[in-house]
Amino acid sequence: MPRIRHSSFLLILALIGGLCVPRAIKAVAQTAAPALPFGDEFAQAPVDPAAPSPAAVLGHAPGERITPPKDAVRYLHALARAMPQRVRLTEFAHSWEGRPLVVATISGRRNIARLEKIRDAIARLADPRIGAGKDRLRERIDDLPATVWLTYAVHGNEISSTDAAIAAAYYLAAGEDARAKAIRHDAIVFIVPVQNPDGRARFIHEFRQALGLVPQADRFAAEHDEPWPSGRVNHYLFDLNRDWLRATQPEIRGQIAAMRDWKPLVVVDAHEMEGDESYFFSPEAPPFNPFLTRTQIADLAIFGRANARYFDRYGIDYFTREIFDAFYPGYGASWPSYYGGIAMTYEQASPRGLVYRRRDGRLLTYRQAVRDHFLTSIATTEAAAANRETLWRHFADYRASAIEEGRKGPVASYLLPGERNPDGAARLARLLAFHGIEVRRLKAPRRLCGRALAAGARVIDAAQPESRRLRTLLERESPMDEAFLARQRERRAKGLPDEIYDITAWSLPLLMNVEAVPCRTHVATLGEAIAPPAPAALDLPVRPGHLTVLKGMKVPRAVIAAWRDAASARLLAAALASGLSVKSADEAFEIAGRRYPAGSLIFEREDNPSDLLDRLRDLADRTGADLDAVTTSWVEKGPSFGSNRTRPVPAARVALAWDAPTNPYQTGAIRWIVEQRFGWPVTPIRVETLPYADLDRYDVLILPDARGDYRRRLLDTEGGEAIARWVRKGGTLVAFSGALDLLADRDVGLLSSRREGTSGEAAAEAEEADKSDEADEAGATKPPAALEIADEEEYRRLTAAAPTASGGIAGAILKAKVETDHWLAFGLSETVYPLVTGQATWRPLTVEQGTDVVHFAAADEQPVAGVLWKESRRRFAFKPLVMVEPAGQGFVIAFTQDTASRAYQDGLDLLLVNAIFRGPQHSGRLR
């Protein structure tokens, strides 16, 4: 090892500001540091000596090291024990890996002593229907402190915010200067130090493994270069910042429940971005969601200016109104806006470690990043406290105006009949109630707006304080600002990418395949209210299923469950997991006077244990599925129980490609859907291992979308050929989007369809071909003929960008048609509504090659919701979404789009379930 000159060594330590280095080095280099090393006003601020400093508990000051999630929680516990009159600590969830998620509530002694009364007062203020009048409002907010919810590290590799949270908690609880005292008097501050503890722990583990003698500033150093899947995601590889709409993960569910109780006035979600940036804070960039009010948008400037004053004082660069918009309602910094809060994203340039060299040569240290998030945390709480009365009035106005809009608007209510998809309708209603929306269940049949509704149907009145959230979640369209869209069209014409940050459509009824009927009749007094469920209850059946046994029936011949929704799929998985034998028919059939759709499940007495009825009753309770016992096997119409069109369903053994180059979001979502939504185990196998794995142990192999190319990793090792042999012997291969290129490769030969080039690519290829032909004819390349341009219009046409050269679809909901008589589509409606991104399209299969089980509708029917550029409408028309191609004794099931990520396309889940169980059921594999 080369010797390090003493002066160089000290220079490195000085540059990184005493950050995390090996213990022996720190013993030499570390000098006494202030508890808050972020400038004199905080370093020299008086503090209550009863409060333990971060260094006293953790062994380092904020910004010196990257604090693990368990230590962040440990510090807040120590602070709460030492300062019970100012700090309360509440555990609101556990991660998948068992790590606790906590919120520290910090305020003055008087506010902490009356927390329950303050929460009750906020609940009364939040519902203008309880009392009215300006005098009453003034009375309610006169003694009501501002509530500020500071939440950090939703992405586990955005590391500085957690240490900023520790520093902020210490200052707000212990500070004895005028600023800290004023904040505690006029505000209650809630601090969630880590939203994604599993991801943060993963990042720190990988970072420590790569760390050497001293931290490296080189951006290409291993400590800055995370391996798959990165610390950004949680255990199931979800981007938790985008889970606030569907609420599938425990980390976000717990926080929604906690925030729903308090409805914090101001919410900040602290992030990190690319290390060459500066700092972003509100106001956000356009477009804004149309259900945000002008007052909410204007109030963002209160906090932007407050942050700017601190940053100007310290000479810190920042930017506003760029990149990060407020259109999608499913972020952590969006969700609070729809109960009337002010929600903001703060983004700090990330060192992704302890020191990072920017492209301009300057060093960004971890301490600097922690300092910046600390400053905005304090500036925000200070501004909220100073403006509490104004902000509470705006909050109350938001809630009152939401009711008035719902009362006078064109839609008075929404009906969820639940006829087509009863399980989906019930789950949507429960999800809306979890979000704080008032939902009611009819106790008796009723006719509303021309629809006959059965008892149990859900109805939602629009005249309620959460009306704007209700509308943005249920309406097909949340229209984007036309001026913004016009600018995007201009950019695309110049070959520039659009500035749309995330998806442009998210209608839950469409994504969940649930009918939601707009109605002009108010329903606020009908039926009974549905209480918001506990976070864990979102995974449970909405109601227990029922096994119908006719009176006098002693021994049934069989038990049948209609295949129609997710409850049926949960029953199938649970029955197979418990060892029961089950068949299903490939066509609809009638028995005992009742019709059952194709795919319905048949449990025959002779193939199952003697306690079959008891077992199925238990499974009905657990899954929500309904079953019927029958005394005969005589089928009046359709295939008989013994027909070769009625086959046993195997307990499929499922493998999932894992690790690079798979797209972690989709890989994790597929695993979560199969394991958590339907209760079926999945075996992840690393892609590098696939060429050597004994695939004969598995019935199904799932290849998720790829960030990169499977071909480079698998074809060089003959892995593609091994997979092809396994399929032809009877395996079922389920592949998504980017993985399809491997299957279409000539050396693999499993998929006859081909990815289509973009219009620009096709034009370029044609031009190259023309040039080549000319060169062949002339024997040499010759210059092109002179081009005469007649006018400005022709010039613009000639220089315009190719139609799709500037990117595809940011995220729109399209209409797709389903071949419902194919086994892959059993249980689906004739029309589904997939969320489509990008621009990749694939050629349809011919009938000799296979079946396009789901294909997109005509161009003039697109989009159903969201932004879809004109050329994309034509491009996607009649192209396949899902294909099935036989290969020897097995099948290839190809999804051209990602139907899994974020796990909110519930309406398409049956495609995946059918692929897993019915693919092997129909293969020629011997068992």
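The lining of the largest pocket splits by class into seven nonpolar, 12 polar and 11 charged residues. Nonpolar here is Ala, Val, Leu, Ile, Met, Phe, Trp, Tyr, Cys and Pro; charged is Asp, Glu, Lys and Arg; the others, Gly among them, are polar. This is a predicted model, so local features need pLDDT of at least 70 and side-chain atom pairs pLDDT 80 or more, while totals for chains, interfaces and linings use all residues. Numbering runs from 1 along each chain as its sequence is written, and side-chain values use heavy atoms, without hydrogens and water.

Back to the pocket. It holds about 660 Å³ of space. Of its 30 lining residues, Asn 663, Asp 705, Thr 837, Asp 898 and Ser 901 are closest to the centre. Strand β35 (a DSSP E run of at least two residues), 835-838, gives the largest share of the lining, three residues. A pocket is an open set of points on a 1 Å grid over the protein atoms alone, where a 1.4 Å probe fits, with protein on both sides within 12 Å along at least five of seven lines; lining residues have an atom within 4 Å of a point. Volume is the space filled by probe spheres set on the points, joined across faces, edges and corners.

Next, helix α17 (a DSSP H or I run of at least four residues), at 467-474.

Notes:
Buried < 20%, exposed > 50% of the residue type's maximum accessible area, 1.4 Å probe, protein only.
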